[in-house]
Amino acid sequence: MRRGKPNDPARRSRILQATLDVIRADGMHAASYRRIASHAGVPLGSMTYYFPSLEGLIVSALNTTRGELEPRYAAPLRDARTSADVVDALVAATIGATSPSLVDIRLYEDIRHYGARNQKVEDVLRAVEAESLAMLHRVLPDRTALAVNALLWGWWSYRVVHPDSALDEETVRQAYEALVALPAADHPFHKNEQNHA
């Protein structure tokens, strides 16, 4: 029979969240077992029980950020009924109510840079890209979805580089409107929109 303090079922989640917090605060290079354990409030010795390698821990933590796409624009795009709704959802995801904070965008940038040198993180990035494009494809044809996805990530990068210079909403809106307006007569979303016009 095992004795001592029962295992904390939330410990694994706390470790993952602490890993992201450390990376958000000081970058990927700052993520060490000791630093993360301290931030999570868990014994250093328990780190390898949950995550035998530091790389595995980092990849697992980064993988949890995939869930952030859902409230950012997956749900709003699912609710979109018109092209105007699609544009509104994209503007909100870029600079509005569902847009990431600068701290989160810096985390995304760190993931991208780290992924260029680490195959496992690159696999996470590819999964994020695939999910993002699948969400966009519901309302846009493939080529347009690819362009919109690139523009969205580009706007986020711009925000990090120019934190004191807010993006002009009209500029962002017009760029999305131009892409969303590209001919897509054979796309189910646009067919449906035309049928209800």
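# Salt bridges, core and helix packing

Glu169 has a relative accessible area of 42%, which makes this residue partly exposed. The model is predicted.

**Exercise 1.** Decide which parts of the chain the salt bridge of Asp104 and Arg72 ties together.

*Solution.* 
- Step 1: Confirm the bridge. The closest N and O atoms of Asp104 and Arg72 are 3.6 Å apart.
- Step 2: Assign elements. Asp104 sits in helix 7 (residues 102-115), and Arg72 sits in helix 5 (residues 69-79). The pair therefore ties together parts 32 residues apart in sequence.
- Step 3: Asp104 is buried at 14% relative accessible area. Arg72 is buried too, at 11%.

**Exercise 2.** Classify Arg35 and Asp26 as buried, partly exposed or exposed, and state how their side chains meet.

*Solution.* 
- Step 1: Read the areas. Arg35 has a relative accessible area of 35%. Asp26 is at 37%.
- Step 2: Compare with the limits. Buried means under 20% and exposed means over 50%, so Arg35 is partly exposed. Asp26 is partly exposed as well.
- Step 3: Look at the contact. The two side chains meet in a salt bridge, N to O at 2.3 Å.
- Step 4: Count over the structure. The total comes to 13 salt bridges.

**Exercise 3.** Describe how helix 6 and helix 10 pack.

*Solution.* 
- Step 1: Two packed helices are described by the angle and the distance between their axes.
- Step 2: The axes of helix 6 (residues 83-95) and helix 10 come within 9 Å. They cross at roughly 135°.
- Step 3: Classify. Helix 6 and helix 10 are therefore oblique to each other. Their crossing is right-handed.
- Step 4: List some residues at the meeting. Helix 6 contributes residues including Val87, Leu90 and Val91. Helix 10 contributes residues including Glu169, Arg173 and Tyr176.

**Exercise 4.** Trace the contacts of Tyr176 and its place in the largest nonpolar core.

*Solution.* 
- Step 1: Set aside neighbours within four places in sequence. Tyr176 is then in contact with Val87, Leu90, Val91, Thr94, Val148, Leu151, Leu152 and Trp155.
- Step 2: Turn to the core. The largest one has 57 residues. Tyr176 is among those with the most contacts inside it, along with Ile15, Ile36, Leu62, Tyr73, Val86 and Leu136.
- Step 3: Find the main contributor. Helix 9 (residues 142-161) gives the largest share of this core, 7 residues.

**Exercise 5.** Place Glu193 in the fold and list its contacts.

*Solution.* 
- Step 1: Assign the element. Glu193 lies in helix 11 (residues 188-195). At 21% relative accessibility, Glu193 is partly exposed.
- Step 2: List contacts. Not counting residues up to four places away in sequence, Glu193 touches Arg81, Thr82 and Ser83.

Note on methods:
Residues are numbered from 1 along each chain as its sequence is written. This is a predicted model: local features need pLDDT of at least 70, side-chain atom pairs count only at pLDDT 80 or more; totals for chains, interfaces and linings use all residues. Side-chain values use heavy atoms; hydrogens and water are left out. A salt bridge is a side-chain nitrogen of Lys or Arg within 4 Å of a carboxyl oxygen of Asp or Glu. Buried means under 20% relative accessible area, exposed over 50%, partly exposed in between (1.4 Å probe, protein chains only). Helices (H or I, at least four residues) and strands (E, at least two) are DSSP runs, numbered from the N terminus. A nonpolar core is a set of buried Ala, Val, Leu, Ile, Met, Phe, Trp, Tyr and Cys residues joined through side-chain atoms within 4.5 Å. Contact means heavy atoms within 4.5 Å. Axes are lines fitted to C-alpha atoms, for helices over the stretch in contact, and angles run from 0 to 180 degrees between N-to-C directions. Angles under 35 degrees count as roughly parallel, over 145 as roughly antiparallel, 65 to 115 as roughly perpendicular and the rest as oblique. A crossing is left-handed if the near helix is turned anticlockwise from the far one by less than a right angle, and right-handed if clockwise.
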